[in-house]
Amino acid sequence: MRPVANGAAGTGGWCGPGYTWPADLAFADVDPADYVALVIPGGRAPEYLRNDPDVQRIARHFFAGDKPVAQICHGPLITAAAGVLDGRRTSAYPALAPDIKAAGAEFVEGEAVVDGVVVSARAWPDHPAWLRAFIEVLRTKAPVS
């Protein structure tokens, strides 16, 4: 896992209430080909990050390459903005149901919705089921060699 920022490297990263760590890579500098999977966390940050063209580029790479993606809570706002949800099934924070439908996807109220290599969930209470499902996808699509 590598924290990245939507500005210059070192300008921040957020990990839960009251915890930060320095980011050492800007989204513009990310080569998604260097990674086997993408995790898009929730919270409110995706509302802002979805407008970053480099964040959209990164998300599109994983969908185009059929690489594992985990998204939770407000995370699907990023994949919706990247234009990769059309025809998919996804969970998200329930208030996002209209956004998911507008992106052409089916909103599913579930703790671990698996659609191919994409695993989604509603919010932090779904973490155990969401991560179990994502680990199974990783075992199949991105096994450790």
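Residues are numbered from 1 along each chain as its sequence is written, and side-chain values use heavy atoms, with hydrogens and water left out. Because the model is predicted, local features need pLDDT of at least 70 and side-chain atom pairs count only at pLDDT 80 or more, while totals for chains, interfaces and linings use all residues.

Let's start with the overall layout. The protein chain has five helices and six strands; these are DSSP runs numbered from the N terminus, with helices being H or I of at least four residues and strands E of at least two. Along the sequence they follow the pattern β-α-α-β-α-β-α-β-β-β-α. Of the 145 residues in the protein chain, 43% are buried (under 20% relative accessible area, with exposed over 50% and partly exposed in between, using a 1.4 Å probe on protein chains only).

Now to the interior. In soluble globular proteins, nonpolar side chains tend to be buried together. A nonpolar core here is a set of buried Ala, Val, Leu, Ile, Met, Phe, Trp, Tyr and Cys residues joined through side-chain atoms within 4.5 Å. The largest one has 26 residues, and those with the most contacts inside it are Leu38, Ile58, Val69, Ile78, Val119 and Trp130. Strand 1 (38-40), helix 2 (53-64), strand 2 (69-72), strand 6 (118-121) and helix 5 (127-141) each give two or more residues to this core, and helix 2 gives the most, with five. Leaving aside neighbours within four places in sequence, Leu38 is in contact (heavy atoms within 4.5 Å) with residues including Ile58, Phe62, Val69 and Phe134.

Finally, look at the backbone. Most residues other than glycine have a negative phi, and most peptide bonds are trans. Asp66 has a positive phi, near 55 degrees, and lies in the loop between helix 2 and strand 2. Asp66 counts as partly exposed, at 38% relative accessibility. Cys73 also has a positive phi, near 60 degrees, and sits in the loop between strand 2 and helix 3 (76-81). Cys73 is buried, with a relative accessible area of 12%, and is one of the residues that line the second largest pocket (an open set of points on a 1 Å grid over the protein atoms alone, where a 1.4 Å probe fits, with protein on both sides within 12 Å along at least five of seven lines; lining residues have an atom within 4 Å of a point).
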